[in-house]
Amino acid sequence: MLDQTVHQSIAEELVKAKETRTPIPLLTARYPEMTVEDSYAIQRLWRAEKEAAGRVLKGRKIGLTSKAMQDATGIDEPDYGLIFDDMIFETGSVFEWDEYTHPRIEVELAFALGKDVKGPGATIFDVLDATDWVVPALEILDSRIEMKGRTIVDTISDNAAMGAMVIGGRPVRVDEVDLRWVSAALYRNQEIEETGVAAGVLNHPAAGVHWLANKIAPHKEYLGAGEIILAGSFTRPMWVYKGDSVLADYGPLGTITCQFN
């Protein structure tokens with residue numbers, strides 16, 4: 001692994017990149033020996049800085065869980081990032097496009113946990129038992145590291161490109177609908193751009209949640225009651241531009257809208 005001083009330096013670079021909206025050069029080009037564990041160590045330092053500044057951890061996101069997303073990024077394994085209290089918005093929110101580094105939108109389901117989910121050995125049944133509500137969500141991706149040529153090591157260090165999330169539509173209990181067959185159509189400026197079905201996320205959107213519980217267990221972490229977990233996109237990311245309006249139609253589960261000024 002890289003030296004801890006290097007981890008700290010990279011974490012500080014990423015904080016500055018968010019403030020200036022100027023992506024930093026690829027980490028893998030600068031540190032070819034960098035590993036996935038290095039990336040998560042950087043993410044944990046980034047988290048500590050944000051919490052020291054008063055931000056509150058409210059959940060986690062899982063990325064790269066579907067073939068659509070893996071094909072779009074050239075990365076073939078899931079990753080995860082952190083969601084703080086100031087990253088969660090409700091449908092109808094208006095965002096300042098200039099606050100992001102060319103944002104993209106993904107269509108997802110979010111799991112609101114009523115009980116802890118702890119690994120190792122967590123299963124999909126543990127996740128379904130622990131979930132109070134499942135709700136439609138959009139993820140706004142925001143890259144603090146240049147995108148061309150990035151690997152999973154770059155993405156994880158960049159908090160899995162998490163920018164913000166928007167929730168809306170109709171929350172449901174896990175036994176009200178077949179979560180595998182929840183589908184959505186994603187529109188930009190009234191023109192349909194992407195469609196997808198939630199089974200594209202590891203064959204069941206809850207599968208990524210128990211993957212995450214087991215992934216963080218070696219670091220003595222777990223998914224806590226009250227957290228909201230973004231389970232992963234089942235469409236390719238959609239670029240958005242200044243002035244764009246976004247609509248995601250989840251059919252019986254309702255719609256989500258947002259605007260970029």
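These notebook entries record what I looked up in a predicted model of one protein chain.

**Basis of the entries**

I worked from a predicted model in which local features need pLDDT of at least 70 and side-chain atom pairs count only at pLDDT 80 or more, while totals for chains, interfaces and linings use all residues. Residues are numbered from 1 along each chain as its sequence is written, and side-chain values use heavy atoms, with hydrogens and water left out.

**Annotated domain**

I consulted the UniProt record, an unreviewed entry, which places "domain: Fumarylacetoacetase-like C-terminal" on residues 101-259. Positions from UniProt are given in the numbering used here, feature names are shortened, and annotations may be inferred rather than shown by experiment. I then read the secondary structure over residues 101-259 and found 14% helix and 35% strand, with the end C-alpha atoms 16 Å apart. Helices (H or I, at least four residues) and strands (E, at least two) are DSSP runs, numbered from the N terminus.

**Nonpolar cores**

I looked up the nonpolar cores, each a set of buried Ala, Val, Leu, Ile, Met, Phe, Trp, Tyr and Cys residues joined through side-chain atoms within 4.5 Å. Buried means under 20% relative accessible area, exposed over 50%, and partly exposed in between (1.4 Å probe, protein chains only). The largest core has 61 residues, and Ile-105, Phe-111, Leu-138, Leu-223, Val-246, Tyr-250 and Phe-260 have the most contacts inside it. A second, separate core holds 14 residues, including Val-15, Val-135, Met-165 and Ile-228.

Beyond residues up to four places away in sequence, Tyr-250 touches, among others, Val-107, Leu-109, Pro-136, Leu-138, Val-182, Phe-234 and Ile-256.

**Helix H7**

I asked which residues of helix H7 (residues 207-216) are buried. Ala-207, Gly-208, Val-209, Leu-212, Ala-213 and Ile-216 are. The buried residues of H7 pack against strand S1 (57-63), strand S2 (79-84), strand S5 (104-113), helix H5 (124-130) and strand S10 (228-230).

**Salt bridges**

I searched the whole structure for salt bridges (a side-chain nitrogen of Lys or Arg within 4 Å of a carboxyl oxygen of Asp or Glu). The search finds 17.

Glu-13 and Arg-30 meet through their side chains at 2.7 Å, N to O. Glu-13 lies in helix H1 (residues 4-20) and Arg-30 in helix H2 (residues 27-30), so this pair ties together parts that are 17 residues apart in sequence. Glu-13 is partly exposed at 23% relative accessible area, and Arg-30 is partly exposed at 30%.

Arg-55 and Asp-86 form a salt bridge at 3.0 Å, N to O. Arg-55 is in the loop between helix H3 (36-52) and S1, and Asp-86 is in the loop between S2 and strand S3 (88-90), 31 residues apart. Asp-86 is partly exposed at 43% relative accessibility.

Arg-60 and Glu-221 also form a salt bridge at 3.0 Å, N to O. Arg-60 lies in strand S1 and Glu-221 in the loop between H7 and S10, so this pair ties together parts that are 161 residues apart in sequence. Arg-60 is buried at 3% relative accessible area, and Glu-221 is buried at 19%.

I noted one network in which salt bridges that share partners join Lys-18, Asp-142, Arg-144, Arg-150 and Asp-158.

**Backbone geometry**

I found a cis peptide bond joining Gly-119 and Pro-120, with omega about -5 degrees. Pro-120 is in the loop between S5 and H5.

I recorded a positive phi of about 55 degrees for Arg-21, which is not a glycine. Arg-21 sits in the loop between H1 and H2 and is partly exposed at 37% relative accessible area.

Asn-159, also a residue other than glycine, has a positive phi near 55 degrees. Asn-159 is in the loop between helix H6 (152-157) and strand S7 (162-167). Is Asn-159 buried or exposed? Asn-159 is buried, with a relative accessible area of 1%. Apart from its neighbours within four places in sequence, Asn-159 contacts Gln-43, Trp-46, Lys-61, Gly-81, Leu-82, Met-87 and Arg-144.

Terms used
Contact = heavy atoms within 4.5 Å.
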